[in-house]
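Here are my notes for you, written as numbered points. Have the model open while you read and click along.

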Amino acid sequence: MKHTDEVLAVKDLSVWYPIQQGLLGRVQSHVKALRHFDLSVKRGEIVAVVGESGCGKTTLASALVGLRTWQTGELFLDGERLDPNNSATWKRLRTSVQMVFQDPYGSLNPRQTLQEILLGPLRANGIGLVEGKVRVLEALHQVGLTESDLEKFPHAFSGGQRQRIGIARALALRSKVLVCDEPTSALDVSVQAQVLQLLQKLRQELGLSIILISHDLSVVRALADRVVVMYLGSVVEIIPAQNLFAHARHPYSQALLASVPTLNSRKTPQILQGEIPSLTELPPGCVFSSRCPHVRPECSLQEPALQELSEANLVRCPWTQELG
């Protein structure tokens, strides 16, 4: 599929969590969960964001839909700059950018019927009842559910069907971007493929853009166009998905791939060694230097910038060309 225009972009996004101590709960320091993060997604494109637990993937997903306060950052929708500190921005953005949560059980109100679940966001955004019902039926058809399901409660659906309901809720709003936070991790393996096939189908038929937060590199291989590799809240590499497994260039990307278990008994996973820095007191220079097998004295002097190795490959390491 050819991608022609950028539908969503964030630049210099930082999210910090305050650490409060003492009787008065004064802020003593901050956990810097996201640091100067840049991300863009084009219409009809699937961008995967990967990294080990604690790298900031879920914080990123929450920040993109306004569930986390931005410390810094710029936000663009269809090329228009919006103010992330203005509540009106997020009210507008939530009709265009919707989140599909990791837990399909916890993301649905157990006391509401499917019709109430799907109509609620539409009515909250000023969509009339008649048009709302038309949109609901259209969204149900798109995710493979039927009108007869509308009076059922969430407990009557399987895990895969509940995830489809979460997707339908976003489609009914005519969203342009889905932010999918580990959308298959809570599902049985037999159901995961069905949800992934649905996302691929929606991308192809509707031109839907998807930001896929995942730790499962097999899912990334099957679905994504581009991959953003995160480490401790920042981007260390951006690479086409088709090149990730054979041509990853950043030492962390390579270590992440080497740690994946395989069925090849002669290829054992290589666990990344070294101490992970604290997100409250990040060291100077490259934050990966304490675990990098190719570290040099210069790595502790200044945090490297993202370098363009090719039109589609950006890497945050000044030694990449030498390492090969």
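**Notes on the model**

1. Helices here are DSSP runs of H or I with at least four residues, strands are runs of E with at least two, and both are numbered from the N terminus. Keep in mind that this is a predicted model, where local features need pLDDT of at least 70, side-chain atom pairs count only at pLDDT 80 or more, and totals for chains, interfaces and linings use all residues. Residues are numbered from 1 along each chain as its sequence is written, and side-chain values use heavy atoms, with hydrogens and water left out.

2. Now α1 itself, which covers residues 57-64. Of its 8 residues, 7 are buried, so the rest of the structure largely encloses this helix. The buried ones are K57, T59, L60, A61, S62, A63 and L64. "Buried" means under 20% relative accessible area, "exposed" means over 50%, and "partly exposed" is in between (1.4 Å probe, protein chains only).

3. Zoom out for a moment. The protein chain has 10 helices and 12 strands. Its C-alpha atoms fill a box of roughly 65 × 55 × 40 Å along the principal axes. A compact globule of 324 residues would have a radius of gyration near 20 Å, and the chain's 21 Å agrees with that. That radius is taken over C-alpha atoms, and the globule rule is 2.2 Å times the number of residues to the power 0.38.

4. How much of the chain is buried? Buried residues make up 47% of the 324. As for contacts (heavy atoms within 4.5 Å), take those between residues at least 6 apart in sequence: 65% of them join residues at least 24 apart.

5. Next, some helix packing. Two packed helices are described by the angle between their axes and the distance between the axes. Helix α3 (residues 114-124) and helix α4 (residues 129-143) pack at about 125 degrees, with axes 10 Å apart. The axes are lines fitted to C-alpha atoms, for helices over the stretch in contact, and angles run from 0 to 180 degrees between N-to-C directions. α3 and α4 are therefore oblique to each other. The cut-offs are under 35 degrees for roughly parallel, over 145 for roughly antiparallel, 65 to 115 for roughly perpendicular, and oblique for the rest.

6. Who does the touching there? On the α3 side you'll find L114, Q115, L118, L119, L122 and R123, and on the α4 side L129, G132, K133, R135, V136 and L140. Sorted by class, this contact has 7 nonpolar, 2 polar and 3 charged residues. Here Ala, Val, Leu, Ile, Met, Phe, Trp, Tyr, Cys and Pro count as nonpolar, Asp, Glu, Lys and Arg as charged, and the others, Gly among them, as polar.

7. Look at another pair: helix α5 (residues 159-172) and helix α6 (residues 189-206) have axes that come within 10 Å and cross at roughly 20 degrees. That makes α5 roughly parallel to α6. From α5, G160, Q163, R164, I167 and L171 meet V191, Q194, V195, L198, L199, L202 and L206 of α6. By class, the contact has 8 nonpolar, 3 polar and 1 charged residues.

8. Now find L8 in strand β1 (residues 6-21). L8 is buried, with a relative accessible area of 3%. Not counting residues up to four places away in sequence, L8 touches L39, S40, V41, L75, F76, L77, V97, V177 and I211. L8 and L39 are 31 residues apart in sequence, and their C-alpha atoms are 8.2 Å apart.

9. H36 is in strand β2 (residues 26-42) and counts as partly exposed at 49% relative accessibility. E182 lies in the loop between β7 (177-181) and α6, and at 10% it counts as buried.

10. Last stop: R226, in strand β9 (residues 226-231). Is R226 buried or exposed? At 18% relative accessibility, R226 counts as buried. Leaving aside neighbours within four places in sequence, R226 contacts S40, V41, E45, I46, V47, A48, I238, I239, P240 and A241.
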